[in-house]
Amino acid sequence: GLPAALPALPLELTVLYNSLLFTVGASDSAIKREAAGIRQGLLRVLEACGACGQDLGTEELWQKVLQEVTVEELQAPLHRLGALQAAWWLAAGRLGSVAGLFQLLSTAEEPGRSHCSEGQNKLLSLIKAWWVPPEGDSLPLLQSTKELKEILCTAAAFLQGLQELEAGNFPTAFSLLQEASEGFCSRKILAQIYTCLGCCAQRMGKPQTALQHLKRALQVDFQCLPALSHAAAVYHELGETDVELQALTLLYEALGKSPPAAASSSSCLLMRTELLVHTPVLTSLLRHHHPSEVKYLLAQRCLQDGRVDDAVEHYLDFLSLLQEGLQQQVPLDGSSALPRIPEVFLEAASALEQAGRHQDAITVCEEVISRTTDLIPRVLRVEERLEQPERSLPGAELAGGLLSQQKESLCCLAWRAAGYLHQGWAWAKLGESKEAVTQFSRCLSDLLRLQLHGSGVKPTENLQAQVEVLQKIRLLSLIGRGTQFLELGKHKEALLDFQHSLQISPGDPAAASYLVQALWKLNRKQEAAAQWQKLSQSSPGEDGQQQGQGRPLPLYLVSCLEQAMFPHSESLAKSIQDYLGTAAQDTSS
């Protein structure tokens with residue numbers, strides 16, 4: 001409450017500097033609040049000089065103080081206070097304000113001098129060119145201004161690198177992050193910077209450089225588990241499955257251990273780099289996976305790579321984690337690597353099926369079927385013109401809700417139908433053709449609920465992916481039921497299913513091959529031979545294109561697609577060739 005006096009102001013500003021540092025050191029969240037003490041200190045300086053600035057914003061207040069206050073004894077305390085202000089603004093992401101402040105501080109030192117050469121980063125050049133005031137003898141500082149300057153340089157480079165990374169300017173981001181890695185920071189922050197460098201290099205298409213920086217991150221701080229997660233992703237990109245699985249296994253084991261007690265800072269610094277850098281892009285890059293997510297990734301990668309026994313083990317471990325409250329472990333913001341739970345069950349069933357555990361696969365599918373039965377309407381209509389309207393338009397919320405409800409119903413229908421499809425193939429593998437036919441028929445009956453409405457009978461892009469999956473399930477189920485009809489000697493029924501399959505997917509090589517077999521068994525040899533010749537004349541590239549057209553199949557359907565492929569039959573091919581040869585001889589004679 002005492003009036004401001006020039007002789008006491010240097011000591012007063014130094015006390016303010018120390019008290020602000022102490023506040024930050026006592027609570028990490030203090031940096032997120034406005035530093036009201038700095039504003040009060042600047043107003044005291046103006047008051048002592050016979051001026052006022054109550055109506056000015058903080059940036060204008062700094063400009064007025066640095067341009068009008070020329071008292072030599074106040075320059076060092078003001079510069080120290082300016083560095084603290086810069087720290088607060090960096091933490092708030094106000095990089096422009098920081099650059100403006102250091103421009104003022106530099107102008108106050110050497111008017112007219114330019115501190116940024118062409119090609120250099122302006123903010124970093126201004127901070128580096130800033131004159132560090134000498135420490136006085138009157139009152140010791142809790143943290144030296146030189147250390148504070150180095151922290152500001154590191155934080156500014158790190159923050160700008162993250163901004164450029166988010167904007168997609170990867171070379172610039174890489175350069176700034178490299179500069180940050182050479183700065184003054186704790187081992188924890190250095191590991192984070194190396195992790196960001198690795199992610200940047202990966203996006204630049206330099207996987208080996210990415211791995212080098214991710215390994216450095218782990219060497220600096222093995223508790224930087226996001227670096228291990230990103231390394232696994234790079235190995236996946238390179239197709240190095242063995243190393244990828246090793247990385248994921250290490251990650252899972254590390255996440256399962258109790259985290260070590262929070263280590264104290266590498267030094268007794270009150271203002272630290274980690275307090276100034278907390279942006280959404282950094283949070284995203286450093287997101288810690290939950291053990292359940294990593295366990296699922298292990299299961300998924302093993303299944304994709306054909307390591308069926310390992311996949312089964314990981315899927316069963318994952319399903320057991322469901323009993324421990326998986327929803328409480330996994331974030332609901334869409335950042336999780338987990339698909340919907342019914343899809344995981346179906347993938348587990350696929351793995352069990354491939355491992356020869358057909359009865360277990362049937363049981364897992366029954367769980368999916370029973371859980372989705374009450375979620376599917378008797379008739380599911382997909383309107384051609386149901387689009388997602390602009391939020392500002394009347395009825396947008398209602399229409400958006402209908403679209404979301406339709407999409408969810410389509411997903412449930414696909415999961416239930418896929419459950420029957422897997423059960424059909426499992427019973428077929430067990431040699432129970434009648435039961436297999438029953439399950440395939442249930443699958444096809446379920447799919448009759450889907451009705452497409454509209455002149456073009458083509459759903460919107462929002463629903464197209466789900467409709468394509470349902471069509472693929474219908475195709476695979478028809479082929480599956482047709483094969484079992486062949487096993488049961490019901491060749492006419494088999495022929496109808498294969499013909500229907502080709503209506504759904506014209507030119508499908510599996511359906512076309514089975515159609516030839518059914519015609520041959522029905523003694524319709526001329527038709528069979530004609531179809532076989534047509535099939536033989538189609539190039540392998542066309543077949544591959546037909547098989548892989550559209551969007552990628554869900555992982556839980558891949559094994560069904562493989563089972564539906566026509567097994568190469570030497571005897572059938574030879575019989576048809578002999579028939580064609582005989583027919584040619586008869587014609588020539």
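Contact here means heavy atoms within 4.5 Å.

## Ground rules and overall make-up

This is a predicted model, where local features need pLDDT of at least 70, side-chain atom pairs count only at pLDDT 80 or more, and totals for chains, interfaces and linings use all residues. Residues are numbered from 1 along each chain as its sequence is written, and side-chain values use heavy atoms, with hydrogens and water left out.

The protein chain has 27 helices and two strands; helices (H or I, at least four residues) and strands (E, at least two) are DSSP runs, numbered from the N terminus. Of its 589 residues, 50% are buried. For the burial words, buried means under 20% relative accessible area, exposed means over 50%, and partly exposed is in between (1.4 Å probe, protein chains only). Take the contacts in the protein chain with a separation of 6 or more: residues 24 or more positions apart account for 70% of them.

## The loop between helix 6 and helix 7

Ser144 sits in the loop between helix 6 (122–129) and helix 7 (145–167). With a relative accessible area of 18%, Ser144 is buried. Its side chain reaches the backbone nitrogen of Glu147 at 3.1 Å. That pair falls under polar contacts: N or O atoms within 3.5 Å, where within protein one must be able to donate a hydrogen and the other to accept it, and residues adjacent in sequence count only if both atoms are side-chain atoms. Leaving aside neighbours within four places in sequence, Ser144 is in contact with Tyr17 and Glu135.

Leu139 is in the loop between helix 6 and helix 7 too. Leu139 is partly exposed, at 26% relative accessible area. Its partners, again setting aside neighbours within four places in sequence, are Leu11, Thr14, Val15 and Asn18.

His213 belongs to helix 10 (residues 207–220) and is buried, with a relative accessible area of 5%. Beyond neighbours within four places in sequence, His213 is in contact with Phe174, Tyr194, Leu197 and Gly198.

His500 has its place in helix 22 (residues 491–504). This one is partly exposed, with a relative accessible area of 34%. His500 and Arg474 are 26 residues apart along the chain, and their C-alpha atoms are separated by 9.9 Å.

Two packed helices are described by the angle between their axes and the distance between the axes. Axes are lines fitted to C-alpha atoms, for helices over the stretch in contact, and angles run from 0 to 180 degrees between N-to-C directions. Angles under 35 degrees count as roughly parallel, over 145 as roughly antiparallel, 65 to 115 as roughly perpendicular and the rest as oblique.

Helix 3 (residues 58–68) and helix 4 (residues 72–91) pack at about 160°, with axes 12 Å apart, so helix 3 and helix 4 are roughly antiparallel. The crossing is left-handed, a label used if the near helix is turned anticlockwise from the far one by less than a right angle (right-handed if clockwise). From helix 3, Thr58, Glu59, Trp62 and Val65 meet Leu78, Leu81, Gly82, Gln85 and Trp89 of helix 4. By class, this contact has five nonpolar, three polar and one charged residues. Here Ala, Val, Leu, Ile, Met, Phe, Trp, Tyr, Cys and Pro count as nonpolar, Asp, Glu, Lys and Arg as charged, and the others, Gly among them, as polar.

## Helix 9 against helix 11

Helix 9 (residues 187–203) and helix 11 (residues 225–238) pack at about 20° with axes 10 Å apart, so helix 9 and helix 11 are roughly parallel. Helix 9 passes helix 11 in a left-handed crossing. Thr195, Cys199 and Gln202 in helix 9 meet Pro226, Ala227, His230, Ala233, Val234 and Glu237 in helix 11. That contact has five nonpolar, three polar and one charged residues.

Helix 23 and helix 24 pack at an angle of about 155°, their axes 8 Å apart, which makes helix 23 roughly antiparallel to helix 24. Among the residues making the contact are Pro509, Leu515 and Trp520 of helix 23, plus Lys525, Gln531 and Trp532 of helix 24. The class tally is nine nonpolar, two polar and two charged residues.

Asn523 lies in the loop between helix 23 (509–521) and helix 24 (525–537). Asn523 has a positive phi of about 65° although it is not a glycine, and Asn523 is exposed, with a relative accessible area of 55%.
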